[in-house]
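Biologist: I should like to learn how to read a structural model. May we go through one together?

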Amino acid sequence: MKKELSGNFEQVMVALTLPTSEFLARQVHAALHRPGTNEGDLIEIFCSLNNSEIDHLRLAYLKR
């Protein structure tokens, strides 16, 4: 699929194939490792999850 797509559309299609916790782990990683941590993204992610979802995200993040 990646060979046939490009740009933002490729990113959306790849994201749709990932489990939610894996997708969010990638987003957290990106927010933390860009120059200047993006606190707004982190707040949006973590405030929208319950404790169980945060635990799944944590496990997915540690697997990276």
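Modeller: Let us begin with a definition: Ala, Val, Leu, Ile, Met, Phe, Trp, Tyr, Cys and Pro count as nonpolar, Asp, Glu, Lys and Arg as charged, and the others as polar. In this predicted model, the residues lining the largest pocket divide into four nonpolar, two polar and one charged.

Biologist: Which residues line the largest pocket?

Modeller: The lining consists of Q11, V14, A15, L18, F23, R26 and Q27. Helices α1 and α2 each supply at least two residues of this lining, and the volume of the pocket is about 160 Å³.

Biologist: What is the mean pLDDT of helix α1?

Modeller: The pLDDT expresses the predictor's confidence in each residue, from 0 to 100. Helix α1, residues 7-17, has a mean of 89, the lowest among the elements of the chain, while helix α4, residues 51-63, has the highest, 97. The chain as a whole averages 92.

Biologist: Is N8 buried or exposed?

Modeller: A residue is called exposed when its relative accessible area is over 50%. N8, which lies in helix α1, has a value of 60% and is therefore exposed.

Biologist: Which residues of α2 are buried?

Modeller: Buried means under 20% relative accessible area. In α2 this applies to E22, L24, A25, V28 and A31. The buried residues of α2 pack against α3 and α4.

Biologist: How far apart are the end C-alpha atoms of helix α2?

Modeller: The expected span of a helix is 1.5 Å times one less than its number of residues. Helix α2 has 14 residues and should therefore span 20 Å; its end C-alpha atoms are 20 Å apart, which agrees.

Definitions and conventions
Residues are numbered from 1 along each chain as its sequence is written. This is a predicted model: local features need pLDDT of at least 70, side-chain atom pairs count only at pLDDT 80 or more; totals for chains, interfaces and linings use all residues. Side-chain values use heavy atoms; hydrogens and water are left out. Helices (H or I, at least four residues) and strands (E, at least two) are DSSP runs, numbered from the N terminus. Buried means under 20% relative accessible area, exposed over 50%, partly exposed in between (1.4 Å probe, protein chains only). Contact means heavy atoms within 4.5 Å. On a 1 Å grid over the protein atoms alone, a cavity is a set of points where a 1.4 Å probe fits but cannot get out, and a pocket is an open set with protein on both sides within 12 Å along at least five of seven lines; lining residues have an atom within 4 Å of a point. Grid points are joined across faces, edges and corners, and a volume is the space filled by probe spheres set on the points.
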